Amino acid sequence: MTMSLRHSINFKGHTPVWLYDYLGILEPKEGDELDLAGQKFIQRKGILRNQLLLSENQAQTEKIFDFKWKKENTFDSQASLSRMRLWLIERYGDISTADWLIDHGENPILIDAGCGAAMSTLELFGNLIPKVRYLGVDVSSAIDVAAKRFAERGLQGTFMQADINKPPLPINSVDLIFSEGALHHTDSTKESLLSLSRCLKKGGRILFYVYRKKGPIREFTDDLIRDQLQTMQPQKAWEAVEPLSKLGIALGELDAEIEIPQPIELLGIPAGRTTVQRLFYWHIAKAFYDNNLSFEEMNHINFDWYAPANATRHTPKEIQEWCKEAGLFIEREVVENAGITVIVHAGDS
């Protein structure tokens, strides 16, 4: 069953009129300051932006993503977007034909929690975006890149710069929440999930992906590299990751395989045949390789992993327990080496 939604959503200029009614505020003018859910916001460039101080780690993470998403040439090629689209569909399924979409009626509210440059949403939701009331929320000024990319595609959406750990949204008001690789970049993955779940209507759904905990060597290396990058400015951190990206390419171009005769349980390494690059990648250090991508695109992927101070990894059991605590029922769970993808339902309406 495909989604049946009205195509007409009223807009005023570049900002949907529905947003202000939804938030229960009068339409702000440029430079206006206002209070939302006890948080101070200011309207700048047509976007409501949180003025509260962030934690040290969250401030660093915001700075990293502000830098990363402005480097559009490192993620916006057709090869990079196609790769992302296929990976998203493998994990979430083809959203455009999902049977459950009809549950959410016409013009549902879709919150993109931690939208970044909105790459994942544009690739996964595609032609459904004009049929929803879209609100992209991100702690960084990547929100401006997302707004620009929407405009370039002739799509209407609205955006808010805020911390998804404390979403300034009405309780029980949202139909759909999408959070692809963002919850683990907050001060608390668990609290972000619980906070977002409180915004969800009964019968609403959250689609999210979080990093999965790896073996002991990889976890040690991840923390070691991440700690070193915290002292660097984003450009220096970007350059510091480049030799690792070059090593990943060198290992990939070897095109060599190895047979691991039996599981090495002490190191979390399974038995079986794998490439040398994948053995290094999954169990020693992330050094991404894809010969369809440019060096800059591969470095973007490695930088995205290592540079943010907030980048926690989790187990499937943790995610299952948190969903249960939030009153969310797991409908789909895909567990990979990289991470855990989940679609959850907030019970009957």
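In this predicted model, strand 3, which covers residues 33-36, pairs with strand 4, which covers residues 39-44, in the antiparallel sense and over four bridges. Within this pairing, E33 stands opposite I42 of strand 4. Strand 4 also pairs with strand 5, made of residues 47-50, again in the antiparallel sense and over four bridges; here F41 has N50 in strand 5 as its bridge partner.

| Hairpin | Residues between the strands | Turn residue and its phi |
|---|---|---|
| Strand 3 and strand 4 | two residues | A37, positive, about 50° |
| Strand 4 and strand 5 | two residues | K45, positive, about 55° |

In soluble globular proteins, nonpolar side chains tend to be buried together. The largest nonpolar core in this model has 62 residues, and the members that touch the most other members are Y92, I95, W100, F125, Y134, F150 and F178. Helix 8, which runs over residues 234-254, supplies the largest share of this core, namely six residues.

What does W100 touch, if residues up to four places away in sequence are not counted? Its contacts are then I95, L176, R205, L207 and I343, and of these I95 is, like W100 itself, one of the members of the largest core that touch the most other members.

Note on methods
Residues are numbered from 1 along each chain as its sequence is written. This is a predicted model: local features need pLDDT of at least 70, side-chain atom pairs count only at pLDDT 80 or more; totals for chains, interfaces and linings use all residues. Side-chain values use heavy atoms; hydrogens and water are left out. A nonpolar core is a set of buried Ala, Val, Leu, Ile, Met, Phe, Trp, Tyr and Cys residues joined through side-chain atoms within 4.5 Å. Buried means under 20% relative accessible area, exposed over 50%, partly exposed in between (1.4 Å probe, protein chains only). Contact means heavy atoms within 4.5 Å. Two strands pair if DSSP finds at least two bridges between them.
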